[in-house]
Amino acid sequence: VSLDARGAVADAALVLGAVGATPVVVPVAASLAGSLPHARALAAAAEAARDLVDPLDDGRGSAGYKRDMAVVFGRRALALAVQRSRALTTTSG
């Protein structure tokens, strides 16, 4: 996640691994671009992962559980990326 001068999302990317045969690119940039990265916006963007991942049922959990966790981990990853971007903006500006 990169932020512009006013703290809005300039660009964002989210890629999830271990949720299917190959890593899954979740298209979050379009839904976040230009918006302030509040928790609700990040959660809504991460929700797109639910329909994109194709996990298998196995000893680690059901496919449904893994879909739910893809959303949770996607939201957490975006939130952490926002924190890091803010820290970089604060220390470099």
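Visitor: What share of the 93 residues of the protein chain counts as buried?

Guide: Buried means under 20% relative accessible area, exposed over 50%, and partly exposed in between, with a 1.4 Å probe and protein chains only. In this chain of 93 residues, 30% count as buried. This is a predicted model, where local features need pLDDT of at least 70 and side-chain atom pairs 80 or more, while totals for chains, interfaces and linings use all residues. Residues are numbered from 1 along each chain as its sequence is written, and side-chain values use heavy atoms, leaving out hydrogens and water.

Visitor: Which pattern does the protein chain follow along the sequence?

Guide: Helices (H or I, at least four residues) and strands (E, at least two) are DSSP runs numbered from the N terminus. The chain has four helices and four strands, in the order β-β-β-β-α-α-α-α.

Visitor: Which residues of the largest nonpolar core touch the most other members?

Guide: In soluble globular proteins, nonpolar side chains tend to be buried together. A nonpolar core is a set of buried Ala, Val, Leu, Ile, Met, Phe, Trp, Tyr and Cys residues joined through side-chain atoms within 4.5 Å. The largest one here has 18 residues, and L16, V26, V28, L32 and L78 touch the most other members. Elements giving two or more residues to this core are β3 (14-16), β4 (24-26), α2 (39-46) and α4. Contact means heavy atoms within 4.5 Å; beyond its neighbours within four places in sequence, L16 contacts P23, V24, V26, A49, V53, A70 and G74.

Visitor: What is the volume of the largest pocket?

Guide: Rolling a probe the size of a water molecule over the atoms shows where empty space is left. On a 1 Å grid over the protein atoms alone, a pocket is an open set of points where a 1.4 Å probe fits, with protein on both sides within 12 Å along at least five of seven lines; lining residues have an atom within 4 Å of a point. Grid points are joined across faces, edges and corners, and the volume is the space filled by probe spheres set on them. The largest pocket has a volume of about 390 Å³. Among its 16 lining residues, G17, A18, V19, P55 and K66 lie nearest its centre.

Visitor: Is K66 buried or exposed?

Guide: K66, in helix α4 (residues 63-92), is buried because its relative accessible area is 16%. The K66 side chain makes a polar contact with that of D58 at 2.8 Å. Such a contact is a pair of N or O atoms within 3.5 Å; within protein, one must be able to donate a hydrogen and the other to accept it, and residues adjacent in sequence count only if both atoms are side-chain atoms.
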